[in-house]
Amino acid sequence: MADTPSQPVASPQLAALRDQIDALDRQLLDLLNQRARVAEQVGEIKRAEGSPFFRPDRVAQVIRKIREANPGPLRGEHVEAIWREIMSACLALESPQRVAVLGPVGTFCEQAALEFFGGGADLVYCANFDEVFHSTASGGAQFGVVGVENMTEGVVTRSLDLFLHTPCHVVGEVSLLIRHNLMRLEKSLEGIEAVLAHPQALAQCQSWLNKHLPNAERRAVSSNAEGSRLAATNPAWAALGSERASTLFGLHIVAPAVQDEAYNRTRFAIICLPQTMEMPPPSSRDCTSLIVSVANRPGAMHDLLVPLKTHGVSMTRLESRPARTGQWDYYFYIDLDGHPSQPHVAAALAELREICAFFKLLGAYPLKS
């Protein structure tokens with residue numbers, strides 16, 4: 001019988017440092033549980049008062065203070081990630097937040113939700129963005145996360161159309177750096193007959209696919225994670241998706257980061273009913289989103305921009321979508337720099353209401369610095 005290889009013996013210095021780390025871990029665990037018990041008391045008070053359990057402005061405030069107080073050597077972004085998870089776990093003791101996302105597990109939408117709410121959130125997986133909006137509007141979930149814009153492929157038109165008729169408003173956003181990996185059951189690029197992914201992902205990787213897999217079918221599915229799930233059932237299929245999806249579905253990454261633009265980001269909006277969460281208070285940097293329409297007449301677009309110029313409000317995004325009335329009318333989706341509580345923004349919005357045939361304030365929310 002062969003001898004079992006012995007484990008290397010740690011030096012006295014290394015053993016002493018490991019003992020010190022073990023002791024510190026026990027102290028950290030004790031302090032975290034003390035914090036959790038205080039959070040439970042906070043939850044009881046909120047429940048009695050009818051106050052909202054999740055306050056993203058409070059989360060941002062705590063994280064900002066912690067980052068400012070951080071003496072190092074931990075990097076600020078790592079401290080932020082740790083504290084976001086601590087606060088998410090404590091919030092789950094107060095009241096777990098149900099969050100509707102595009103499923104199945106492993107989507108970038110799920111990743112955006114985890115970045116905003118932390119791992120303590122109770123995720124509700126939906127087949128498409130229509131279901132995310134419906135689940136959030138009907139109360140099946142308290143919050144929803146939907147994609148709204150990619151920097152290379154533009155807006156997610158279905159999300160814009162759904163915003164028009166939903167009672168939900170926007171209370172936050174997440175901007176994710178998107179890296180699409182080509183993955184499959186085999187460890188080779190040979191023999192790939194089809195690439196499965198969300199239409200946006202296929203479009204974001206079209207140059208790479210044209211060069212390296214010109215003969216492979218490009219098959220659109222409801223999400224990249226769904227494409228990954230399907231690719232795990234057929235060795236001739238490949239998928240585009242995240243590293244997390246490759247791990248979840250047992251796929252090999254045969255070509256990493258195949259998106260055509262290296263700096264490829266997607267914006268996700270955090271939505272909820274107004275009674276779930278009111279408009280967040282102003283921060284140091286905010287965005288105000290609205291939908292408007294104006295009469296189809298000469299100079300109408302110019303008139304729409306005049307109140308913004310008059311009151312010094314910067315427009316950061318303008319998108320149009322057909323109103324589907326048969327009259328060539330359009331709805332305009334506008335992002336403004338600032339918060340409605342600021343006098344110059346409030347004045348511009350008041351004038352816009354007067355001249356617009358349709359006006360809907362989608363929300364105002366802090367932008368991540």
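Predicted model: local features only at pLDDT ≥ 70, side-chain atom pairs only at ≥ 80, totals over all residues.
Residues are numbered from 1 along each chain as its sequence is written, and side-chain values use heavy atoms, with hydrogens and water left out.

**Overall build**

- The protein chain holds 12 helices and 15 strands (DSSP runs numbered from the N terminus: helices are H or I with at least four residues, strands E with at least two).
- Along the principal axes, its C-alpha atoms fill a box of roughly 90 × 60 × 35 Å.
- Of the 369 residues, 44% are buried (buried is under 20% relative accessible area, exposed over 50%, partly exposed in between; 1.4 Å probe, protein chains only).
- Among contacts with a separation of 6 or more, 75% come from residues 24 or more positions apart (contact means heavy atoms within 4.5 Å).

**Five-stranded sheet**

- Five strands form an open sheet in the order E8-E7-E9-E6-E10, with mixed pairing (two strands pair if DSSP finds at least two bridges between them).
- Strands E8 (217-220) and E10 (252-255) are the edges, and each pairs on one side only.
- Neighbouring strands of this sheet are turned by 35 degrees against each other on average, direction ignored (axes are lines fitted to C-alpha atoms, for helices over the stretch in contact; angles run from 0 to 180 degrees between N-to-C directions).
- Strand E6 (residues 181-184) and E10 run antiparallel, joined by three bridges.
- Leu182 has Ala255 in E10 as its bridge partner.
- Helix H9 (residues 224-231) packs on the sheet and touches E6, strand E7 (194-197) and strand E9 (237-241).
- The direction of H9 makes about 155 degrees with that of E9.

**Aromatic pairs**

- The whole structure contains seven aromatic pairs (rings of Phe, Tyr and Trp, the last by its six-membered ring, with centres within 6.5 Å; planes under 30 degrees apart are stacked, over 60 edge-to-face, the rest tilted).
- Phe116 and Phe117 pair edge-to-face, at 4.9 Å centre to centre and 70 degrees between the planes.
- Phe117 and Phe143 form a tilted pair, at 5.2 Å and 50 degrees.
- Phe117 lies in helix H4 (residues 108-117) and Phe143 in strand E3 (residues 143-150), so this pair ties together parts 26 residues apart in sequence.
- Phe117 is buried at 4% relative accessible area, and Phe143 is buried at 1%.
- Ring pairs link Phe54, Phe116, Phe117 and Phe143 into a cluster.

**Ser246**

- Ser246 sits in helix H10 (residues 243-249).
- Ser246 is buried, with a relative accessible area of 8%.
- Its side chain reaches the backbone oxygen of Glu243 at 2.6 Å.
- Leaving aside neighbours within four places in sequence, Ser246 contacts Met183, Leu251 and Ile253.

**Pro366**

- Pro366 belongs to strand E15 (residues 358-366).
- Pro366 counts as partly exposed, at 31% relative accessibility.
- Leaving aside neighbours within four places in sequence, Pro366 contacts Val171, Pro280, Ser283, Arg285 and Asp286.
- Pro366 and Phe117 are 249 residues apart in sequence and 15 Å apart in space, C-alpha to C-alpha.

Terms used:
Polar contact = N/O pair within 3.5 Å; in protein donor to acceptor, adjacent residues only side chain to side chain.
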